[in-house]
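User: I would like to learn how to read helix packing, salt bridges and sheets from a model. Please take me through one case.

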Amino acid sequence: MSKIPHEIITDIFQQLPVKSLLRFRSLSKPICSLIDGPDFIKLHLYHSITAKSNHSVILKEWDLFTVDFDTLSDAVEVKHHPLYAAGGTEVIGSVNGLVFLRHSERNLAVYNLSTREWKKCFVVEIKPPRRDLITGYVYYGFGYDYVGDDYKVVRMAQFVREDGGGCGGDGDGGGGLGCEYEVRVYSLKNDKWKKIEDLPICLKLLSKQFFHVLHRRGYGVFAGHALHWIVPQRRQLGIRDCVLGFDIRNDKFFELPQPNYESKGMSFQVDIGVLEGNLCVMCNYEHVCVDVWVMREYGMKESWCKMFSVQGIKWIGAFMFLRPLIYSKDGGKVLLEVNDEKLVWYDWKNKHAKVVKIRGGPNSYGSEMYVESLVRINDGDRNGWKKQQEIDEEEEKRKADRKKRDDFLSVGFKLKL
């Protein structure tokens, strides 16, 4: 391989899946140094994102599963993540091949599904500021600070009165203004939490009964350089939906401009998502029609573009929740998550929808796009990588043994006949 130009090796390697690259590290020291190098890690990630290669969909139910994006056929249970033994682990978000896992407020971890490197997060206990308050809903978000080259977790803890008054409902005394919040930001690089002091008044309106519990709306959506949540409308107070952003570069809250939604003679609810790196909003008209808008230039109101509408699919009774995940490689379709139940390919030009049938996965699930990467979590040795290679080798051996056994039984059956 010493006779092959370095540029050609790099070009070939950047197109390979992580599993193959981990095996090739043992070929030679120069190859190992190339694969482990920060420049190649960034190059491989960039190629995977732009070429839509090495992508998977995480299926989230009580257990976690992944399914390869190219085939969308067979689900594989994720059994080796750091919180697996606890069960009921949630995926809060996925950025650059890293996922943030939560089992409880005391059990948090960042995990690379491809290399199986992981890190449990140091946790600062949530403490209500007064005796008459208890901890309510806890909001999370996971994103990447490209300025500081750091992965960050935002935690917004809500405190409610112990007697249950003054927070959360449409018609309560202050329309949610009785809630108090504590916001902290965790740095993966420093393994520390920082308390945010300057909180916007609209944060007190974030809580609405059942709103954020349903469809994982309490998980922040990462796009641009910020995490985003919907502050739901309060019709009784004449308050519209608000897109609340948190810039993880400078730890500042801000309000993002929204598109000029169409009225259509119906009331509507706004949800938020990300479509191939671009922030998007889903305007849901009384569960019969959903308009999907994409912000092509982050932060610019005039860059909002209505991409497509979804309606009139006979076998979907109502659009309780709809979220776009990714475009097909030819750009003619978009993969949708519908009602926390199924994935659907939607051809918006021909208005045709087709359910994706996945074998071996849960019957209903939420979903999260995931891209394989070599991105490091720990600066130490490659114990996680080595363990994965050992597990993969054991898996291959079991498959080979099963094939030999099946072939033997097949031959025996034919001889009997």
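This is a predicted model: local features need pLDDT of at least 70, side-chain atom pairs count only at pLDDT 80 or more; totals for chains, interfaces and linings use all residues.

User: At what angle do the axes of α3 and α4 cross, and within what distance do they come?

Analyst: Two packed helices are described by the angle between their axes and the distance between those axes. Here the axes of α3 and α4 (residues 38-51) cross at roughly 60° and come within 5 Å. Axes are lines fitted to C-alpha atoms, for helices over the stretch in contact, with angles from 0 to 180 degrees between N-to-C directions. Helices are DSSP runs of H or I of at least four residues, and strands are runs of E of at least two, numbered from the N terminus.

User: Which residues of α3 and α4 meet?

Analyst: Contact means heavy atoms within 4.5 Å. Leu34, Ile35 and Asp36 of α3 meet Pro38, Phe40 and Ile41 of α4. By class, this contact has 5 nonpolar, no polar and 1 charged residues.

User: Which residue forms a salt bridge with Asp36?

Analyst: A salt bridge is a side-chain nitrogen of Lys or Arg within 4 Å of a carboxyl oxygen of Asp or Glu. The partner of Asp36 is Arg25, with the closest N and O atoms 2.9 Å apart. Asp36 is in α3 and Arg25 in the loop between α2 (18-24) and α3, 11 residues apart. The structure holds 25 salt bridges.

User: How do α1 and α3 cross?

Analyst: The axes of α1 (residues 6-13) and α3 (residues 29-36) come within 12 Å and cross at roughly 55°. That makes α1 oblique to α3. His6, Ile9, Thr10 and Phe13 of α1 make the contact with Ile31, Leu34 and Ile35 of α3.

User: In what order do the strands of the open sheet stand?

Analyst: Two strands pair if DSSP finds at least two bridges between them. The order of the 4 strands is β12-β13-β14-β15, with antiparallel pairing. β12 (221-223) and β15 (252-256) are at the edges with a single partner strand each, so one side of each has no neighbour in the sheet. Strand β14 (residues 242-247) is joined to β15 by 5 bridges, and Val243 has Leu256 in β15 as its bridge partner.

Key:
Residues are numbered from 1 along each chain as its sequence is written. Side-chain values use heavy atoms; hydrogens and water are left out. Angles under 35 degrees count as roughly parallel, over 145 as roughly antiparallel, 65 to 115 as roughly perpendicular and the rest as oblique. Ala, Val, Leu, Ile, Met, Phe, Trp, Tyr, Cys and Pro count as nonpolar, Asp, Glu, Lys and Arg as charged, and the others, Gly among them, as polar.
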